[in-house]
Amino acid sequence: MSRRLRRIAASVAAALCAIALPAFAAPARADNPIVQTIYTADPAPLVHNGRVYLYTGHDEDNSTYFTMKEWRVYSSADMVNWTDHGSPMSLATFSWASADAWAGQVINRNGRFYWYVPVKNRATGRMAIGVGVSSSPTGPFTDAIGRPLVENGEIDPTVFIDDGGQAYLYWGNPNLWYVRLNTDMISYSGSATRIPLTTAGFGTRTGNTARPTLYEEGPWVYKRNGLYYNVFAARCCSEFIGYSTAPGPTGPWTYRGTVMPTQGSSFTNHAGIVDFNGGSYFFYHNGALPGGGGYTRSVAVEKFTYNADGTIPTMSMTTAGAPQNGTLNPYVRQEAETIAWSSGAETEPSSEGTMNVGYLENGDYVKVKGVAFGGGAGSFTARVASGANGGRIEVRTGSPSGALAGTCTVPGTGGWQAWTSVSCATTGLTGTQDLYLRFTGGAGYLFNVNWWQFTPRTTSTPTVNAHD
Ligand code: FUB
């Protein structure tokens with residue numbers, strides 16, 4: 001999203017808050033969509049080692065088509081503060097691919113992570129399914145086989161391993177296909193099989209004789225309590241999210257209704273569902289960010305509870321998103337790109353590893369939700385770099401203009417990746433609060449932030465700004 005549009009949005013949101021809320025009310029704390037630094041689409045969540053990894057596509061700014069060149073990864077331990085892991089896989093990963101880094105899914109097996117994605121095959125001009133592989137959920141991913149795994153011009157793979165160990169890859173638009181993957185996850189047995197798209201199985205679409213059922217694209221197949229689910233983008237266009245269930249992985253499917261009606265300024269939608277820490281979460285996308293629409297989408301999440309009979313309740317898009325599951329520890333190093341909400345901030349790879357927050361201008365901020373300060377924080381340290389004159393980090397709580405707990409001065413460091421650490425004393429940081437890091441200074445870009453960390457006030461704390 002362009003910085004100018006983001007700024008307009010922030011001022012519009014502030015104005016709306018001022019109109020809608022009484023003077024004493026706290027400002028709205030919308031944390032949905034999940035990512036504000038870029039446009040993201042086609043969410044595919046994966047739970048691994050106590051975190052949710054969220055794999056997405058990336059809609060280019062000002063896009064007028066599904067102009068997508070790379071995929072992105074985010075992760076969270078609490079469903080509200082999401083760490084940006086950058087782009088560990090792109091069209092360049094697949095030497096045979098020419099365009100269309102569209103909707104995929106990652107699965108963990110054999111100590112590896114397999115990422116199935118649709119891309120255009122340069123040689124044939126058709127959409128094909130490639131598979132990336134990595135030993136880490138955050139990559140980097142390499143092309144597992146150097147060619148398409150399957151190719152029939154159709155898109156949107158979803159992958160699922162049944163209890164007995166048999167893995168299935170499903171995909172398709174306008175049809176719905178599956179193959180049985182071998183345990184190596186990069187080959188399959190038998191041939192691609194078409195799942196019959198019956199109205200009993202996938203609902204009735206009116207006004208389109210070529211496509212009599214609601215199934216459109218974007219299947220998400222999983223199993224819960226012995227029942228197989230296929231949650232998919234239905235009808236076109238605009239799409240809604242519908243679902244079917246079956247007693248087995250290949251059917252017979254029965255259409256069960258709507259998970260999410262058509263909402264949210266994007267004519268596509270795309271589902272991903274996981275259970276995490278005792279809750280169930282539904283990921284989707286919309287056009288809710290400024291400049292957002294059908295080709296400039298954003299991933300979002302809602303928490304839900306299955307009905308007693310296993311059916312999925314119908315959900316609406318919200319700006320609140322899922323509730324926080326736990327708190328964030330400020331006394332260990334936290335990446336600056338761990339964000340519940342941000343305004344004006346962008347991210348980029350850091351020379352010190354991971355990502356950093358950058359392109360910060362006066363008034364930009366990052367919100368970190370539910371920070372557990374406990375008995376109190378005495379000082380704040382941030383890893384910063386500035387190829388300009390630096391500026392200040394205002395440590396605030398509650399809102400971007402909330403109580404000021406401390407201010408760190410950031411010097412020019414001689415380069416945007418020339419890192420130094422700055423510290424400043426903080427007061428009033430007790431209990432669990434929403435933390436806002438507000439970046440201030442002169443005109444133009446100010447500085448970058450790689451990570452931050454608080455020190456409890458029981459230890460010796462600096463009383464003046466310092467940097468090394
Ligand atoms: O993002 C490109 C395409 O749009 C996806 O492959 C479809 O599922 C739809 O979301």
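**Terms and values**

Reply: Phe373 is found in strand β28 (residues 365-374), strands being DSSP runs of E with at least two residues, and helices runs of H or I with at least four, numbered from the N terminus. This is a predicted model, in which local features need pLDDT of at least 70 and side-chain atom pairs count only at pLDDT 80 or more, while totals for chains, interfaces and linings use all residues. Residues are numbered from 1 along each chain as its sequence is written, and side-chain values use heavy atoms, with hydrogens and water left out.

Me: Why is Phe373 called buried?

Reply: Buried means under 20% relative accessible area, exposed over 50%, and partly exposed in between (1.4 Å probe, protein chains only). Phe373 has a relative accessible area of 1%, and is therefore buried.

Me: What makes Pro212 partly exposed?

Reply: Pro212 has a relative accessible area of 41%, so the term is partly exposed. This residue sits in the loop between α2 (199-202) and β16 (215-224).

Me: What makes the pair Lys367 and Asp31 a salt bridge?

Reply: A salt bridge requires a side-chain nitrogen of Lys or Arg within 4 Å of a carboxyl oxygen of Asp or Glu. The side chains of Lys367 and Asp31 meet at 3.0 Å, N to O, and form a salt bridge. The pair links distant parts of the chain, with Lys367 in strand β28 and Asp31 in the loop between α1 (3-20) and β1 (39-48), 336 residues apart. Lys367 has 1% relative accessibility and therefore counts as buried; Asp31, at 6%, is buried too. The structure holds 13 salt bridges.

Me: How do you know that Asp84 forms a salt bridge with Arg72?

Reply: The closest N and O atoms of Asp84 and Arg72 are 3.8 Å apart, and the pair forms a salt bridge. Asp84 lies in strand β4 (residues 82-84) and Arg72 in strand β3 (residues 70-76), so the pair ties together parts that are 12 residues apart in sequence. Asp84 counts as buried because its relative accessibility is 4%, and Arg72 is buried at 9%. Arg72 also forms a salt bridge with Glu70, the closest N and O atoms being 2.9 Å apart.

Me: Which residue makes a polar contact with the side chain of Arg383?

Reply: The side chain of Glu352 does so, at 2.8 Å. A polar contact is a pair of N or O atoms within 3.5 Å; within protein, one must be able to donate a hydrogen and the other to accept it, and residues adjacent in sequence count only if both atoms are side-chain atoms. Arg383 is found in strand β29 (residues 377-386) and, with 18% relative accessibility, therefore counts as buried.

Me: What makes Tyr359, Trp416 and Tyr445 a nonpolar patch?

Reply: Patches are made of residues with over 30% relative accessible area and no salt bridge; like charges are joined within 9 Å, and nonpolar side chains (Val, Leu, Ile, Met, Phe, Trp, Tyr) within 5 Å. Tyr445 has 37% relative accessibility and so counts as partly exposed; its place is in the loop between β33 (431-440) and β34 (448-456). Together with Tyr359 and Trp416, Tyr445 forms a nonpolar surface patch of about 280 Å² of accessible area, by the Shrake-Rupley method with a 1.4 Å probe, where for residues only the protein chains shown count as cover.

Me: Where is Asp156, and what is its phi?

Reply: Asp156 lies in the loop between β11 (150-151) and β12 (158-161). Its phi is near 65°, a positive value in a residue other than glycine. Most residues other than glycine have a negative phi, and most peptide bonds are trans. At 5% relative accessibility, Asp156 is therefore buried. An N or O atom in the side chain of Asp156 is 2.5 Å from an oxygen atom of the ligand. The protein covers 98% of the 270 Å² of accessible area that the ligand has on its own.

Me: Which peptide bond is cis at Pro174?

Reply: The bond joining Asn173 and Pro174 is cis, with omega about 20°. Pro174 lies in the loop between β13 (167-171) and β14 (177-181).
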